[in-house]
Amino acid sequence: MKIQVVLITYSIALISQAMVVAKDQGGFPYKLPDEKPDREMSAAMERIYTAYPAPRPEKNELFSQFKYTELKGFDYNGGDGTLSRRDPSKILLHKGKYYVWYTHRETATPPRGAAKSTDTIPSSDWDLAEIWYATSEDGFSWEEQGVAIKRPEKPLVGWRSVTTTDILEWKGRFYLYYQGFLEASGKRGDDCPVAVSWADSPDGPWTPYNKIVIPNGPEGDWDQYSIHDPYPLVRNGKIFLYYKSDFNGQPHLVRMQGLATADHPLGPFTKHPLNPVITSGHETSLFPFKSGIAALVYKDGPEHNTIQYSEDGVNFEIASITELMPYAAAPYVPDAFTDTKDGRGITWGLAHFINQGGREKFHSILVRFDCDLSQDLHDPEMKKHRVNHQPDVYYRQGLTKAQRERIMKTPKGVKRRK
Ligand code: AAL
């Protein structure tokens, strides 16, 4: 009892002392200071000066809205679900032309789930897929060039499906990392390791390494089943390859991001001992920014809808909170492979919209996004705090039948604790 009295007395003393300080320091100034003011502040006020690059979004170089533009040049078989393009790579600029690689599925039927899948019926939107590529002069109109990575013969890695690729340029040679499925996705889970092919030109021909380059983790480790979304950057003379893994098992799947580094594109890759390094997100999208690395973190997890920053590429902090972020964002990162110490940031890239066509005609399409996450651009339009949605956007987020029934059954008035 005595300790409680002491604690209560101490807390009252602290509060009254803080109130005295607060009273003495006067009210918070009308003009929001750009720099942290020398005064007692609440946790929230402290945070805008200590957690984020600037106290206001307009001045935060790692805050942006995202704008979307429909691409020209890609047909989807009338949206019947037999042709899908998704999970684009970072954009590469080579001899004045933009290149992008992506998962290309063209099958006789739309995906039918693992149980109904066969050698010709896909289990998922990315099953029985190949890696194709396209080029563009302006990033808006694209010309599909055809297949880059075919599915190899069974039992080579990726024989069932090669998907979700990303590009690395290293010492004049090009490398495509991709998920190499050894069974139809969904049989046990979305399980796969990562494979790699290389070429002396972005137009190929591509030589498969035909070995697993980023292996699944040992049994019981977070990344024992899936190594997804390989995403290479060059930093400190090494390849920093970020990836996602789905773990914790259904129905409470958790998705987080890991890091593996290597001195050579074909490995060996060493997984970072602090993995997972990002607790949220889905398809990893990162870029060098100033002396560190920034990440677009969307879709899943406690910190989705954030843009994050890390000085060392391992320990990430939230730099801003935003919305309507590009899924499977594949930015044009001019200094992705230059081992820069002053990353300039990004202004555009490709992404995807999945769930097109509904369950029976499921497919995905590519889209362009634009933003201002660049030291070399200041577009006030992109720095507006909010995205104004029309009512139909809210109504499309309607109650399910079960939720409506639950609400109708809930008795009026305050529910008394039993
Ligand atoms: C994507 C990516 C990986 C997953 C599946 C296809 O969004 O996370 O590639 O395996 O979904």
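Residues are numbered from 1 along each chain as its sequence is written, and side-chain values use heavy atoms, with hydrogens and water left out. Because the model is predicted, local features need pLDDT of at least 70 and side-chain atom pairs count only at pLDDT 80 or more, while totals for chains, interfaces and linings use all residues.

Q: Which residues surround the ligand?
A: A residue counts as near a molecule if one of its heavy atoms lies within 4 Å of it. Going by that, the ligand is surrounded by R86, D87, W126, T164, Q179, D190, H228, D229, K244, H282 and E283.

Q: How many residues in the shell around the ligand are charged?
A: For the classes, Ala, Val, Leu, Ile, Met, Phe, Trp, Tyr, Cys and Pro count as nonpolar, Asp, Glu, Lys and Arg as charged, and the others, Gly among them, as polar. The shell has one nonpolar and four polar residues, and its charged residues number six.

Q: Which space does the ligand take?
A: On a 1 Å grid over the protein atoms alone, a cavity is a set of points where a 1.4 Å probe fits but cannot get out, and a pocket is an open set with protein on both sides within 12 Å along at least five of seven lines; lining residues have an atom within 4 Å of a point. A molecule sits in one if more than half of its atoms lie within 2 Å of its grid points. The ligand's space is the largest pocket.

Q: Which strand gives the most to the lining of the largest pocket?
A: This pocket holds about 1,100 Å³ of space, a volume being the space filled by probe spheres set on grid points joined across faces, edges and corners. Of its 44 lining residues, S124, W126, S185, G186 and D190 are the closest to its centre. Strands (E, at least two residues) and helices (H or I, at least four) are DSSP runs numbered from the N terminus, and the top contributor, with three residues, is β12 (238–247).

Q: What is the largest share of the lining of the second largest pocket, and where does it come from?
A: About 640 Å³ of space lies in this pocket. Its 18 lining residues include L324, M325, Y327, F353 and V393, which lie nearest its centre. By class the lining has nine nonpolar, six polar and three charged residues. The largest share is four residues, from β20.

Q: What is the volume of the largest cavity?
A: There are three cavities of 30 Å³ or more. The largest has 15 lining residues, with P88, T165, Y231, E283 and T284 nearest its centre, and β7 (161–170) and β11 (228–235) each supply at least two of the lining residues. Its volume is about 110 Å³.

Q: Which element gives the most to the lining of the second largest cavity?
A: About 50 Å³ of space lies there, lined by L233, V234, R235, P288, G292, I293, D335, D339 and T340. Two elements give two or more residues, β11 and β16 (292–297). With three residues, the one that gives the most is β11.

Q: What is phi of T164?
A: T164 lies in strand β7 and is among the residues around the ligand. Its phi is positive, in a residue other than glycine, and near 55 degrees.
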